[in-house]
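Open the model in your viewer and keep the selection tool at hand. The tour goes from one selection to the next and says what is there.

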Amino acid sequence: MSTEQFDAVIVGAGFGGMGAAIQLNRLGYRNIAILDREDDLGGTWHVNRYPGLTVDVPSTTYSYWFEPNPYWSRLYAPGAELKSYAEHVADKYDLRRYMRFNTTVEGARWDEESQTWQVSLQGGQTLRAQFLILATGYLCQPKKPDIPGIEDFAGTVLHAQEWNDDYALRGRKAAIIGTGSTGVQLIPKLAEDVAELTVYQRTPIWVMPKFDLAFGPAAQRLFARFPVTQQLLRRSSDLFLDIMVTIAMWKFRQFRPVNTAAARIGALHRFLAIRDKELRRKLTPNYDFGCKRPTLSNVYYRTFNKPHVHLETAGIERIEPDGIVGRDGVKRAVDTLVLATGFDVWESNLPAIPVIGRQGRDLGKWWRENRFQAYEGMTVPMFPNMVTQASPYAWVGMSWFDTVEYQMRHMKRLFGELQRTGGRTFEVTEEANDRFLDRMLTLLDDSVFRLGDCTNSRSYWFNSSGEAPLFRPTSIRQAVKEQEHFPLTDYQIA
Ligand code: NAP
C-alpha cells in the first residue's frame, strides 16, 4: 500500500485539531491531513446531540478568540449552534480539504531514519508526517457501566453520546444512570416527555444557578456591526471564569471561604427549588465544591418535585430484562435506559492511540511508570515533533478554547523558531520537562485537590493513584502569557 507524506498529521477534527491546523496554515504549512474516526467534523459537538445539550460555559468565552460569533442565540448556546460554528470555522479557514472522516488511527511511531512519524490507519494504510498533533480530546471514550445484567436488558438503551433522534420518548418508563454535567442537562428534558423517570444517582453533583441571556436579533446585529461590544462581554466572561477557577481550585489554601460561599449558594439553590428535606439531603454533595466539575441549571432540582420523577440513591444491584433492581431491593419497571455515565479519561485515553517515540518509548507506558507529565501540557521528551493537546497539565480554565488558545500560541513560537533556525525536528529537553512538572506539583499544593475534601467526589479529574494531573493549575491569563516567553532553549532543535 502507498505511503502518503504530509507536513503534519492531526488526529481529531474537533476544535483542538482545527485550531492546530489554522496555526500550521499561518506558519505556512499546507500539506496537512486531519483524521477523524467520526463521519463529520466538530468532535464532541458532532457526537453529542442529546436533548437539552447546551454549552456549559458562556459562548462568548467558548469560541476561538480570533473568530467571534455574533450570532449565538444565547449566552449558553445550544449544542447545535456549536456544531454550526465548527462548520463555519472549517469553511472560513478552508480546513475541510485536509479532513478525512471514518478514518481510525491505530497508532503512531517515530521513525528515526526518516525523521518522520508513521501513522497507521485501520485498514492497513500508513501515512508519514514531519509533525504529529494529537487532538483527540479528554472526553472522547464514552464509558459504559459494568452493571450485572445490562446486556440482557430487553428495552431500548440510549447512550448520551449515540443519541437516537428517531426514538420517541413520549409515554416511556425510563431510567437514567448518571448525574454528571450530561445527566443534569438531560434529566429535565427527559422528564418533559416520559411517563415515568427514575434517576439513579451514585454521587450528587454541585448544581449552581445559571444566569443565562437570550441574544435576540438586535443584540446579534449589535455584535456583528460593533464587534467591540461582544468583545467586552467576552472579556467579562473570560475574567469571571478565570478568577473563579483560580480562586476556587488553585488557591484553595488562601481562599477556602470562597468555596464555602459557593457551597452555600448551591445549598440555597437547592432549598429554593425543593421543599422535601429528605430529597434535598439526597441531592446534597458530600465533598468540597471544586473537586469535581460543578454544573449550572435552573431546572434540574425542580424536576425532582414532579410526581413521575423518582430519585434512587441506594445503588443498582442488577438490571433485568424489564427493569432495574436497586440494592435496597426496589425494582422499577423500565422500557428505556439512558446512559449518561461519562468517559474513560485515563486508561483508554491518555494517550488515545498507542504512540511510540525515540528508542521505542511507549507514551502510555512511560506516563504510567513515571507519572503523567508533559512540558507545558504539550510536548514530551523522546517524542520529537509531536504535540499532544489533551495531555497531563494541559487543561486550563473551564472552556476548552482557553487550552486551544495557549497551545496555538505555543506552537507559533516553537514552530517559528524551528523555521528561523532551519531545523527539522524539535524535542523538549528532560531538564525543561522535569522543571515544568516540579512547578505544576508545587502549584497543586495550594489546590482544592490537595487540601479539600474530595474523598467522596468520584471525580474523573483524579486518576486511580489519587493524583489530579489533567489541569494546569494556573490562571488562563498566565498560561497564555507564558507562551510568548517560554525559553526556546527548553527545546533541542536539530
Ligand atoms: P461525568 O461527569 O463523568 O458523569 C458520569 C455520571 O455517571 C456520574 O454521575 C457517575 O457517577 C455516573 N456513573 C458512571 N458509571 C456508573 C455506574 N456504573 N453506576 C452508577 N453511576 C455511574 O460525565 P458527563 O456527565 O458526561 O460529563 C463529563 C464532562 O463532559 C463534564 O465534566 C464536562 O466537562 C463535559 N460536559 C460538558 C457539557 C457541556 O458543555 N454542555 C455537557 C456535558 C458534559 P459517579 O459520579 O458516582 O462516578
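A residue is called buried when its relative accessible area is under 20%, exposed when it is over 50%, and partly exposed in between. The model is predicted.

**Two residues with positive phi**

Select Glu 376 to begin. Its relative accessible area is 4%, so Glu 376 counts as buried. Look for Glu 376 in the loop between α10 (363–370) and β18 (386–388). The phi angle of Glu 376 is positive, about 50 degrees, although this residue is not a glycine.

Asp 94 is not a glycine either, and its phi is positive, near 50 degrees. With 41% relative accessibility, Asp 94 is partly exposed.

Now select Glu 81, which sits in helix α3 (residues 79–92). Which residues does Glu 81 touch, leaving aside those up to four places away in sequence? They are Tyr 71, Trp 72 and Ser 73. Glu 81 is buried but has no salt bridge. The nearest side chain of opposite charge belongs to Arg 74, 7.9 Å away.

Select Arg 74 itself. Its side chain forms a salt bridge with that of Asp 212, at 2.9 Å from N to O. Arg 74 lies in the loop between α2 and α3, and Asp 212 in the loop between β10 (207–208) and α5 (217–225); the pair links parts of the chain 138 residues apart. Arg 74 is partly exposed at 30% relative accessibility, and Asp 212 is partly exposed at 27%.

Return to helix α3 and pick Lys 83 together with Asp 40. Their side chains meet in a salt bridge, 2.9 Å from N to O. Lys 83 belongs to helix α3 and Asp 40 to the loop between β2 (32–35) and α2 (44–47), so this pair ties together parts 43 residues apart in sequence. Both residues are buried: Lys 83 has a relative accessible area of 14% and Asp 40 one of 18%.

How many salt bridges does the structure hold? There are 36. One of them joins Glu 417 and Arg 420, whose closest N and O atoms are 3.0 Å apart. Both residues are in helix α11 (residues 400–421), 3 residues apart, or about one turn of the helix. Is each of them buried or exposed? Glu 417 is buried, at 13% relative accessibility, whereas Arg 420 is exposed, at 62%.

Then select Arg 318, Glu 320, Asp 322 and Lys 331 together; salt bridges link these residues in a network.

**The surface and a cis bond**

Select Lys 143, Arg 202, Arg 327 and Arg 458, which form a patch of positive charge on the surface. Within this group, Arg 327 is in the loop between β14 (323–326) and β15 (331–333). Arg 327 has a relative accessible area of 58%, which makes it exposed.

For the last stop, select Leu 350 and Pro 351. The peptide bond from Leu 350 to Pro 351 is cis, with omega near 0 degrees. Pro 351 lies in the loop between β16 (336–339) and β17 (355–356).

Terms used:
Residues are numbered from 1 along each chain as its sequence is written. This is a predicted model: local features need pLDDT of at least 70, side-chain atom pairs count only at pLDDT 80 or more; totals for chains, interfaces and linings use all residues. Side-chain values use heavy atoms; hydrogens and water are left out. Helices (H or I, at least four residues) and strands (E, at least two) are DSSP runs, numbered from the N terminus. Buried means under 20% relative accessible area, exposed over 50%, partly exposed in between (1.4 Å probe, protein chains only). Lys and Arg count as positive and Asp and Glu as negative; His and the chain ends are not counted. A salt bridge is a side-chain nitrogen of Lys or Arg within 4 Å of a carboxyl oxygen of Asp or Glu. Contact means heavy atoms within 4.5 Å. Patches are made of residues with over 30% relative accessible area and no salt bridge: like charges are joined within 9 Å, nonpolar side chains (Val, Leu, Ile, Met, Phe, Trp, Tyr) within 5 Å. Accessible areas come from the Shrake-Rupley method with a 1.4 Å probe; for residues, only the protein chains shown count as cover. The place of a charge is taken as NZ of Lys, CZ of Arg, CG of Asp or CD of Glu.
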